[in-house]
Amino acid sequence: MIDLHVHTTLSSGEQTPAAAMRFAKAAGYRAIAFTDHADATNMQHILESMLPMIRTYSLYSGIDLYAGIELTHIPPQLIPDTITEARSMGAQLVCVHGQTIADIVDEGTNLAAIEGGADYLAHPGLITEQEALLAAEKKVYLEVTARPEHALTNGHLVKVAELTGAPLILNNGGYRGYDFINKDRRRAIALGAGMSKDQYQQTENNSRMIVSKMMML
C-alpha cells in the first residue's frame with residue numbers, strides 16, 4: 001500500500017514525521033509522502049526540515065519516505081507559480097488542497113492546480129467534467145479520499161473520472177496514526193465510491209507510478 005497524503009506536526013498533523021512513519025509501516029504501507037499544508041510563510045521551512053530526515057530515515061525504517069507539499073488556500077492566480085517554486089525548493093511531490101465541500105476553498109482552485117501541473121489534486125469536491133478532461137490531458141491525478149469529511153463527493157469524482165478518463169489515486173489524508181487504513185478498508189472505500197475492481201486496481205497502480213517517478217528525482 002502507498003499513501004501520498006500524510007500530515008505531521010510540521011503543519012496540522014498530530015504526529016511527528018517519525019511517528020507517522022512508524023504507524024504507516026505498522027499498518028502495512030511500503031511508501032508514504034509527507035504533504036503538510038503550506039503557503040508562502042512555511043513552505044521552505046517544511047521542506048528544509050523534511051528533506052534531510054527522509055533521506056536518512058528511508059535507509060533504516062523499512063518504508064520509503066518522500067517529501068511533498070500540499071498547497072493550501074493559495075489564491076488561484078498564484079498556484080501555478082507556487083507549484084514551480086515548491087519543486088525548486090526540492091519538493092518531490094506537489095499537491096493542491098482542492099475544492100472540497102468540507103472547507104471554504106476559492107473557486108478556481110481546482111482549475112489552477114490542474115493548469116499548473118500539480119502532481120495530484122486533493123479532494124477536488126464537485127469537480128466539473130471540463131476540469132477532469134484537462135486533468136486527463138495534463139496527467140494530473142485526482143484524489144479519492146478516505147477522510148470522511150472530504151469523502152462525501154467520492155462518488156461524484158469516480159463518475160466524472162470514468163466519463164473523462166481522468167486518472168485517480170486513493171489516499172488517507174490523515175493526521176494521526178489510526179488514519180492509516182488497512183487494505184480491506186481501502187478497497188471498500190473505492191468500491192463504495194462506485195469503482196469497479198479493475199478501476200480500483202488501476203488506482204493503486206497509479207500511486208505506484210507516482211512513486212516510481214519520485215524515485216528518479
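The model is predicted. The chain holds 8 helices and 7 strands.

**Overall build**

- The C-alpha trace spans about 45 × 40 × 30 Å along its principal axes.
- Of the 217 residues, 55% are buried.
- Take the contacts with a separation of 6 or more: 72% of them join residues 24 or more positions apart.
- The accessible surface of the chain is about 9,800 Å². Carbon and sulfur atoms account for 53% of that surface.

- Helix 3 covers residues 79-88, and its buried residues are Ile 79, Thr 82, Ile 83 and Ala 86.
- These four residues lie on the same side of helix 3, because they cover an arc of only 105° around the axis.
- Asp 81, Thr 84 and Ser 88 are exposed, on the face of helix 3 turned away from the buried side.
- Gly 90 follows helix 3 and has a positive phi, near 110°.

**Salt bridges at Asp 119**

- The whole structure contains 7 salt bridges.
- One of them pairs Arg 87 with Asp 119, with the closest N and O atoms 3.3 Å apart.
- This pair links distant parts of the chain. Arg 87 sits in helix 3, and Asp 119 sits 32 residues away in the loop between helix 4 and strand 5 (120-122).
- Arg 87 counts as partly exposed because its relative accessibility is 35%.
- Asp 119 has a relative accessible area of 10%, so Asp 119 is buried.
- Asp 119 also meets the side chain of Lys 213 in a salt bridge (3.6 Å, N to O).
- Here the link reaches from the loop holding Asp 119 to helix 8 (residues 197-215), which holds Lys 213, and the two residues are 94 residues apart.
- Lys 213 is partly exposed, with a relative accessible area of 49%.

- Asp 179 and Arg 147 form a salt bridge through their side chains (3.6 Å, N to O).
- Asp 179 is in the loop between strand 7 (168-171) and helix 7 (183-192), and Arg 147 is in the loop between strand 6 and helix 6, so the pair ties together parts that are 32 residues apart in sequence.
- Both partners are buried: Asp 179 has 14% relative accessibility, and Arg 147 has 12%.
- Salt bridges with shared partners join Arg 147 and Asp 179 with Glu 14, Glu 149 and Arg 176 in one network.

**Nonpolar surface patch**

- Ile 101, Leu 126 and Leu 152 make up a nonpolar patch on the surface. Together they have about 340 Å² of accessible area.
- Leu 152 lies in the loop between strand 6 (141-145) and helix 6 (154-164).
- Leu 152 has 67% relative accessibility, so Leu 152 counts as exposed.

Notes: Residues are numbered from 1 along each chain as its sequence is written. This is a predicted model: local features need pLDDT of at least 70, side-chain atom pairs count only at pLDDT 80 or more; totals for chains, interfaces and linings use all residues. Side-chain values use heavy atoms; hydrogens and water are left out. Patches are made of residues with over 30% relative accessible area and no salt bridge: like charges are joined within 9 Å, nonpolar side chains (Val, Leu, Ile, Met, Phe, Trp, Tyr) within 5 Å. Accessible areas come from the Shrake-Rupley method with a 1.4 Å probe; for residues, only the protein chains shown count as cover. A salt bridge is a side-chain nitrogen of Lys or Arg within 4 Å of a carboxyl oxygen of Asp or Glu. Buried means under 20% relative accessible area, exposed over 50%, partly exposed in between (1.4 Å probe, protein chains only). The arc is that of the directions from the helix axis to the C-beta atoms. Contact means heavy atoms within 4.5 Å.
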